[in-house]
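Trainee: Could you walk me through a structure today, starting with charged pairs and then moving on to helix packing?
Mentor: Gladly; here it is.

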Amino acid sequence: MNNEYIAKIIKELRTKYEFSQEHVATIIGVSRPTYTLIETGKQKLDIEEARKLANLYSLGVDDLLSGRIPDIEKYKHMILSYLRMDLTNKKDGKITKTKLAKLLYLADFAWFYKNFESMSGMQYRKLPYGPVPDTFFRAIDELFEDGKILIECKEYEGKEITLISESESNRNERTQTLSKDEYSLMQKIAVKWQDKKTNEIVNFTHNQLPYFLCRDNELIPYELITQE
């Protein structure tokens, strides 16, 4: 990718977040004149600077360098929406972190199958425990730090699992970034997997073409779902 394209992306991000060049330069560890050169495409952004920039904007490095910037706020609303649905037969509002990640993947790829675009814009990676965007873990951490979700670790059948639920104080937050059609699709997915165990949804996503055809740690092209 050429410097001019990356420069355009990072300038748009800085403007969106209303950061000064001085502030961003300090964050990535360069002088303001050097950052100005990077933002105008006259100096190359090295990988460490890209990592710090991605971290500043809560992005994965791949998202930043590809220019396909995901909608993190919408992704968080997808998380909260799923937590408000009846996803288990225990009726306690808790869901395993792994199952939640798979439901988000299914929503994004199902939406792409119907509309040729993902719901959140996240890029999913083939990891041993399933297709997950780099930003998933950060989104969960930020929701927890903001008091919007609760995280509970417990042992189940000899394994430690992480359970997630929405905090009572956050139940009134509006998830307005989701359209009615998007929410409806998520509901259909929730109903399908409501009473299924985590390992069942894990096996299902692992056997789908997008995950099956990619190499370990490779980004999963959305287009593969159209061949499913």
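Mentor: We will take salt bridges and then helix contacts.
Mentor: Please keep in mind that this is a predicted model, in which local features need pLDDT of at least 70 and side-chain atom pairs count only at pLDDT 80 or more, while totals for chains, interfaces and linings use all residues. Residues are numbered from 1 along each chain as its sequence is written, and side-chain values use heavy atoms, with hydrogens and water left out.

Trainee: OK, how many salt bridges does the count come to?
Mentor: The count comes to 13, where a salt bridge is a side-chain nitrogen of Lys or Arg within 4 Å of a carboxyl oxygen of Asp or Glu.

Trainee: What does Arg14 form a salt bridge with?
Mentor: Its partner is Glu39, with the closest N and O atoms 2.7 Å apart. The pair links distant parts of the chain, since Arg14 lies in helix 1 (residues 3-16) and Glu39 in helix 3 (residues 32-39), 25 residues apart; helices here are DSSP runs of H or I with at least four residues, and strands are E runs of at least two, numbered from the N terminus.

Trainee: And are those two buried or exposed?
Mentor: Arg14 and Glu39 are both buried, meaning under 20% relative accessible area, whereas exposed is over 50% and partly exposed is in between (1.4 Å probe, protein chains only).

Trainee: What about Arg171, which side chain does it meet in a salt bridge?
Mentor: Arg171 meets Glu166, at 3.7 Å from N to O. Arg171 is partly exposed, with a relative accessible area of 40%, whereas Glu166 is buried at 2%. Salt bridges that share partners join Arg84, Glu166, Glu168 and Arg171 into one network.

Trainee: Switching to packing, at what angle do helix 6 and helix 8 pack?
Mentor: Helix 6 (residues 72-84) and helix 8 pack at about 70 degrees, with axes 10 Å apart; the axes are lines fitted to C-alpha atoms over the stretch in contact, and angles run from 0 to 180 degrees between N-to-C directions.

Trainee: So why call them roughly perpendicular?
Mentor: Helix 6 and helix 8 are roughly perpendicular because angles of 65 to 115 degrees count as such, while those under 35 are roughly parallel, those over 145 roughly antiparallel and the rest oblique.
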